[in-house]
Amino acid sequence: YGRTLQLPDESLLMTWEDYPPEPPTVYFPIYRSTDGGATWSEYSRVHDTMNGWGLRYQPFLYQLDQAWGKYAVGTILMAGASVPSDLSQAYIDLYASTDNAKTWQFVSHIAYGKGPETVTNGNAAIWEPYLMSYNGKMICFFSDQRDPAHAQKLVAVTTSDLVTWSADFDVVAYPTYTDRPGMATVAHIESTNQYVMTYEYCGSQQCRAYYKVSSSPLTFASVQGLPIVSNDTSAIAPVGSPYVIWTPHPNRTDGSGLIIMNGASREEVFVNEDTANVSGWKRVNVGQWSSYSRSLRIIQVA
């Protein structure tokens, strides 16, 4: 679950799940690069200062582009799962840094799962937070095993101040109990003002990557999910832990862009035009190994 963030000064931050010997409790390391990712050094550590359990699973970084409550533009957020060593329960917690990731403070509990925090069907676990802002709300998407009607589904919660979060609402939920949609990521297609979400569809679809496109990141539940399959004769379908981004097209000046996604089973990325046509996914070799929950980022280098 490696995740990155690029700051306005073009430095890069990186974090991931990390497992030093316990005790002491686990934490999320923050590493920093000032040379476009060529070299990295440890910069800070995000410790669980609220529950005393440790910050264990699926960290995610986000920088505020507007003020939220008492948190100013430029504040860096970290969402991740706080879980004790016996995996008996979990919070998805939010931390914030107001000094460019040097120090961190607890902000709020986003969600609670009574556990056990395992992928066994029937255990009330929560996983994989993903943050984004939209129309004055901060949204946190996450995977949810707490509903007795679903082994797992995708839900979201919102906040206007980063402290008080709404009740969760469904994002992807299938009628077959053993189906497990998870690992949501979302990108804004700026040229069309649409939003694309990718997720893995475990259970009956064996964790194949699916996607949805909606006019709002709050209305994915009303949109049918579609499988991602390459448009060549091989018809390759990426499987597991997809991740999606959007970037302006490098060879055009008309405002159009490219949707780029990947899945754990393939070394290539899958690229589509802004229309996100189901037959538009092209495989592109980027010279990298496949990886579980491999994230994507277009970085700016002076």
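**Pockets, a cavity and a buried lysine**

Analyst: In this predicted model, the largest pocket has a volume of about 990 Å³. Closest to its centre, among the 29 residues of its lining, are Tyr62, Tyr130, Glu190, Trp246 and Arg297.

User: Which elements give two or more residues to the lining of the largest pocket?

Analyst: They are β1 (3-6), β5, β9, β13 and β17 (243-248). With six residues, β17 gives the most to this lining.

User: What makes a residue of the lining of the largest pocket nonpolar, polar or charged?

Analyst: The class follows from the residue type: Tyr and Trp, for instance, count as nonpolar, whereas Glu and Arg count as charged. On that basis the lining divides into 17 nonpolar, eight polar and four charged residues.

User: What is the volume of the second largest pocket, and which residues line it?

Analyst: The second largest pocket holds about 250 Å³ of space. Its lining consists of Ile260, Asn262, Val269, Val286, Gln288, Trp289, Ser291, Arg294, Ser295 and Leu296. By class, these are five nonpolar, four polar and one charged.

User: Why is a space called a cavity and not a pocket?

Analyst: A space is called a cavity because a 1.4 Å probe fits there but cannot get out, whereas a pocket is open. A search of the whole structure finds one cavity of 30 Å³ or more. The largest cavity contains about 130 Å³ of space. Its lining has 15 residues, and those closest to its centre are Tyr1, Arg3, Glu128, Pro129 and Thr185. Strands β5 (55-63), β9 (126-134) and β13 (180-189) each give two or more residues to this lining, which comprises nine nonpolar, four polar and two charged residues.

User: Why is Lys153 called buried?

Analyst: Buried means under 20% relative accessible area. Lys153 has 6% relative accessibility, so Lys153 counts as buried. This residue lies in strand β11 (residues 153-159).

User: Which residues is Lys153 in contact with, leaving aside its neighbours within four places in sequence?

Analyst: With those neighbours left aside, Lys153 is in contact with Phe142, Ser143, Asp144, Asp147, Asp170, Val172, Ala173 and Pro181.

Technical notes:
Residues numbered from 1 in each chain as written. Predicted model: local features only at pLDDT ≥ 70, side-chain atom pairs only at ≥ 80, totals over all residues. Heavy atoms only, no water. 1 Å grid on protein atoms, 1.4 Å probe; cavity = no way out; pocket = protein on both sides within 12 Å on 5 of 7 lines; lining within 4 Å. Points joined across faces, edges and corners; volume = space filled by probe spheres on them. Helix = DSSP H or I, 4+ residues; strand = E, 2+ residues; numbered from the N terminus. Buried < 20%, exposed > 50% of the residue type's maximum accessible area, 1.4 Å probe, protein only. Contact = heavy atoms within 4.5 Å.
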